[in-house]
Amino acid sequence: MKILIFGSSGFLGKNFLDHPFAENFQILKPDRAEVDLFDINTTKEYLQKNSPDIVINCAGKVGGIVANMNNKIDFMIENFEINRNLIISSLENKIKKFINFGSSCMYPAEVINPLDETQIMNGKFEKTNEAFALSKIMSLKLCEYISNSNDEYFYKTIIPCNMFGKFDHFNDTKRSHMVAAVISKVHHAKENNLSEIIVWGSGNVRREYTDAFNVADFVLRNLNRIKEFPNYFNLGVNKDYTVKEYYEMIMEIYKYQVNLVFDKSKPDGIKQKLMSTSFPININWSQPRDLKYSLNKTIEHYINYVK
Ligand SMILES: NC(=O)c1ccc[n+]([C@@H]2O[C@H](COP(=O)([O-])OP(=O)(O)OC[C@H]3O[C@@H](n4cnc5c(N)ncnc54)[C@H](OP(=O)(O)O)[C@@H]3O)[C@@H](O)[C@H]2O)c1
């Protein structure tokens with residue numbers, strides 16, 4: 001099977017290439033210099049020339065809460081353009097299988113947790129990432145319309161919970177997500193013998209995280225079952241922790257304790273975002289890596305290759 005991965009230089013894309021199952025496929029992985037997804041003509045030409053069996057789209061403009069709040073226009077337009085160009089170009093080139101990635105920000109802010117797929121578009125988004133969420137919904141819907149209008153097309157959207165792991169953006173404050181940022185802060189505190197860390201917000205909000213390896217594992221293991229996939233479905237771990245608890249787990253691995261000072265003047269974002277993951281479990285997939293194992297592995301990677 002010939003797989004085309006876009007965004008292979010990014011965090012999730014690299015986890016696909018790094019997964020041992022990647023060897024089982026012929027993988028094409030053009031970078032932005034080869035195919036800029038803002039350019040629909042180049043995108044169409046590349047797809048026509050290479051005719052993959054499946055496209056996996058890991059490309060997009062992705063960032064943390066501050067980047068999302070301060071760059072709403074870019075987050076909305078860039079993601080919309082990338083997804084529109086790629087989905088339409090794939091359709092025109094008669095590519096029958098497509099994996100699109102959503103995000104838990106697509107869920108309304110005011111819904112009861114755990115979040116199940118029926119709640120999508122059932123209320124207003126969280127203000128901080130509204131622009132990103134809207135562009136994600138557009139691509140989910142586009143994929144859904146394509147799958148529903150032709151029995152031979154399987155354009156599916158996987159909605160992973162937050163991710164961390166190898167190849168995360170640890171020291172890039174615009175792109176880093178919470179767990180990567182915590183690893184980098186605790187590491188820095190230990191190296192510099194600091195006695196306190198300033199934590200953004202109250203530390204009480206709850207977040208669900210999985211290793212990006214698990215997401216790549218689910219996809220590569222189950223690609224041959226794509227016809228069974230619902231049009232969109234959650235992929236998480238059914239368990240969340242507070243920000244403070246993530247700090248505590250990471251400090252324990254580092255064997256270094258500091259005083260956590262919570263800066264409550266900073267926005268917390270949504271209080272809880274725990275997704276209900278059922279489809280992957282129903283087809284007997286279970287995540288190969290649990291939280292503790294993955295935190296240890298990620299810290300090992302950070303110490304050896306990043307810091
Ligand atoms: N990270 C998470 O916690 C998380 C959670 C849930 C869902 N997701 C979803 O997973 C997907 C991948 O996220 P990520 O964290 O891996 O993002 P990332 O690390 O920022 O990677 C984004 C990738 O997109 C590429 N890209 C951006 N604009 C492009 C363009 N115009 N043409 C070609 N390539 C372009 C980037 O290439 P360059 O290297 O050239 O910039 C990079 O390879 C996204 O859809 C995201 O919403 C992520």
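Reply: A crossing is left-handed if the near helix is turned anticlockwise from the far one by less than a right angle, and right-handed if clockwise. Before we use that: this is a predicted model, where local features need pLDDT of at least 70 and side-chain atom pairs count only at pLDDT 80 or more, while totals for chains, interfaces and linings use all residues. Residues are numbered from 1 along each chain as its sequence is written.

Me: OK, so which way does H6 pass H8?

Reply: H6 covers residues 178-191 and H8 covers residues 243-254, with helices (H or I, at least four residues) and strands (E, at least two) taken as DSSP runs numbered from the N terminus. The crossing of H6 past H8 is right-handed.

Me: And how are H6 and H8 oriented to each other?

Reply: Their axes, lines fitted to C-alpha atoms over the stretch in contact, come within 10 Å and cross at roughly 45 degrees, on a scale from 0 to 180 degrees between N-to-C directions. Under 35 degrees counts as roughly parallel, over 145 as roughly antiparallel, 65 to 115 as roughly perpendicular and the rest as oblique. So H6 and H8 are oblique.

Me: How many nonpolar residues are in the contact of H6 with H8?

Reply: Contact takes C-beta atoms, placed from the backbone, within 7 Å. On the H6 side, Met178, Val179, Val182, Ile183, Val186, His187 and Lys190 meet Val243, Tyr246, Tyr247, Ile250, Met251 and Tyr254 of H8. Ala, Val, Leu, Ile, Met, Phe, Trp, Tyr, Cys and Pro count as nonpolar, Asp, Glu, Lys and Arg as charged, and the others, Gly among them, as polar. That contact has one charged residue, one polar, and a nonpolar count of 11.

Me: H8 also packs on H10; what is the angle?

Reply: H10 spans residues 291-306, and its axis is 11 Å from that of H8. H8 and H10 are oblique because of their angle, and H8 passes H10 in a right-handed crossing. Met249, Ile250 and Ile253 of H8 make the contact with Leu295, Asn296 and Ile299 of H10. The angle is about 60 degrees.

Me: Are H4 and H5 roughly parallel or roughly antiparallel?

Reply: H4 (residues 72-92) and H5 (residues 130-149) pack with axes 7 Å apart, at about 15 degrees. That angle makes the pair roughly parallel.

Me: How many charged residues does the contact of H4 with H5 have?

Reply: The crossing of H4 and H5 is right-handed. Among the contact residues are Phe75, Phe80 and Leu91 of H4, and Phe132, Leu142 and Ile146 of H5. By class, the contact of H4 with H5 has 12 nonpolar and four polar residues, and the number of charged ones is two.

Me: Which residues come nearest to the ligand?

Reply: A residue is near a molecule or strand if its C-beta atom, placed from the backbone, lies within 6 Å of it. The shell around the ligand has 12 nonpolar, eight polar and three charged residues, and its largest share, three residues, comes from H1. Of the 23 residues around the ligand, the nearest are Gly7, Gly10, Phe11, Leu12 and Ala59.

Me: Last one: what is the radius of gyration of the protein?

Reply: The protein has 10 helices and 12 strands, and its C-alpha atoms fill a box of roughly 60 × 40 × 40 Å along the principal axes. The globule rule, 2.2 Å times the number of residues to the power 0.38, is compared with a radius taken over C-alpha atoms. For 307 residues a compact globule would come out near 19 Å, which agrees with the protein's value of 19 Å.

Conventions. Two residues are in contact if their C-beta atoms, placed from the backbone, lie within 7 Å.
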